[in-house]
Amino acid sequence: MTDLLNIAPRDKAEILAQALPYIRRFHGKTLVIKYGGNAMTDPELQADFAEDVVLLKLVGMNPVVVHGGGPQIESALTKLGKKGEFIQGMRVTDAETMEVVEWVLAGEVQQDIVGLINQAGGKAVGLTGRDGGLIRAQKLKMVDNQDPSKEHDVGQVGDIVSIDPSVVKALQDDQFIPVISPIGFGENNESYNINADVVASKLATVLKAEKLMLLTNTAGVLDKDGKLLTNLSAREIDELFADGTISGGMLPKIAGALDAAKSGVNAVHIIDGRVPHAMLLEILTDQAYGTMIRSH
């Protein structure tokens, strides 16, 4: 970010004044933030992210953080000599892998994020889907891409049955910032690893969030010529799916985002997490730092 010390006082005031209408509009509103990608692995971007979350809380918004941790899980499994197996892009999660997923996500990754936010002056609290009965899940049924009559067993990978947000609301009302690991529990108390984008999208819907923000390693949704599409309606996204503009790794992310937009979340932002303070700039300025999907 530009060094503020070199900015004239009047320009500084202009920058702050520009943020005022946004602070007023989103005061008291819930923002669900999916934290991942470079923003989660680069130390400087990690610090920027933590500062942004704390600032949003201090100006009266209610940020809720949902995090992933694919690379961290991968390196923990490698250390144990376990080879990751994937079917249709989904990690096969046997009982031993699930144990690793739990201690990496709910232990190491989550507590790192909690620590960073607390260091930046916030009060973060780590939760998994077990806490307060937050995320009930069931085994994901994965149908084969080529043969719909065939199902793959991907182990303890979960599908959300329901979300009970009361623990999140209680923390928000008490000035805490919830940091959620995407682990759900089944009816026999078994654990499930759930896609973090899916958890964030569903949570945003259940909390009736004003915004869902997905930090990624891309500039946002690009058109066929690679140009950034900054503002899309849910209907336009459907058309981009249909003509194949959106494909690959973006598919699950956008599918969840689209569900949230259609289910009452006012705006979904797919943000370039490689840009310092991108989240803050997206919320508090007129400048677009990714793609916004409007609900209507």
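Is asparagine 193 buried or exposed? Asparagine 193 counts as buried, because its relative accessibility is 12% and the cut-off for buried is under 20%. The model is predicted.

**The annotated site**

Asparagine 193 lies in strand 12, residues 191–193. Leaving aside neighbours within four places in sequence, asparagine 193 contacts Thr93, Met98, Val101, Leu105, Gln156, Val157, Gly158 and Pro182. Met98, Val101 and Leu105 are among the buried residues of helix 4.

An unreviewed UniProt entry lists Gly69, Gly70, Arg91 and Asn193 under "binding site". These residues span 125 residues in sequence, yet no two of their C-alpha atoms are more than 12.2 Å apart, so they gather at one spot. Glycine 70 has its place in helix 3, residues 70–79. Its relative accessible area is 33%, so glycine 70 is partly exposed.

| Residue | Relative accessibility | Class |
|---|---|---|
| Asparagine 193 | 12% | buried |
| Alanine 106 | 24% | partly exposed |
| Glycine 70 | 33% | partly exposed |

**Helix 4**

Helix 4 covers residues 95–119, and alanine 106 is found in it. The 25 residues of helix 4 should span 36 Å at 1.5 Å a residue. The end C-alpha atoms are 35 Å apart, which agrees. Helix 4 does bend, by about 35 degrees, at glutamine 110. Glutamine 110 is buried, as are Val109, Ile113, Val114 and Ile117, among others in this helix. Just after helix 4, glycine 121 takes a positive phi of about 100 degrees.

Alanine 106 counts as partly exposed, because its relative accessibility is 24%. Its contacts, neighbours within four places in sequence left aside, are Val101, Gln111, Thr128, Ser181 and Ile183. Val101 is also on the contact list of asparagine 193.

**Two nonpolar cores**

The largest nonpolar core has 40 residues. Val32, Leu212 and Val268 touch the most other members. Helix 8, residues 250–262, gives the largest share of this core, six residues. A second, separate core holds 39 residues, including Met98, Val101, Val114 and Val179. Met98, Val101 and Val114 are buried residues of helix 4.

Leu212 is itself one of the residues that touch the most other core members.

Terms used: Residues are numbered from 1 along each chain as its sequence is written. This is a predicted model: local features need pLDDT of at least 70, side-chain atom pairs count only at pLDDT 80 or more; totals for chains, interfaces and linings use all residues. Side-chain values use heavy atoms; hydrogens and water are left out. Helices (H or I, at least four residues) and strands (E, at least two) are DSSP runs, numbered from the N terminus. Buried means under 20% relative accessible area, exposed over 50%, partly exposed in between (1.4 Å probe, protein chains only). Contact means heavy atoms within 4.5 Å. The expected span of a helix is 1.5 Å times one less than its number of residues. The bend at a residue is the angle between axes fitted to the seven residues ending there and the seven starting there. A nonpolar core is a set of buried Ala, Val, Leu, Ile, Met, Phe, Trp, Tyr and Cys residues joined through side-chain atoms within 4.5 Å. UniProt positions are given in the numbering used here, feature names are shortened, and annotations may be inferred rather than shown by experiment.
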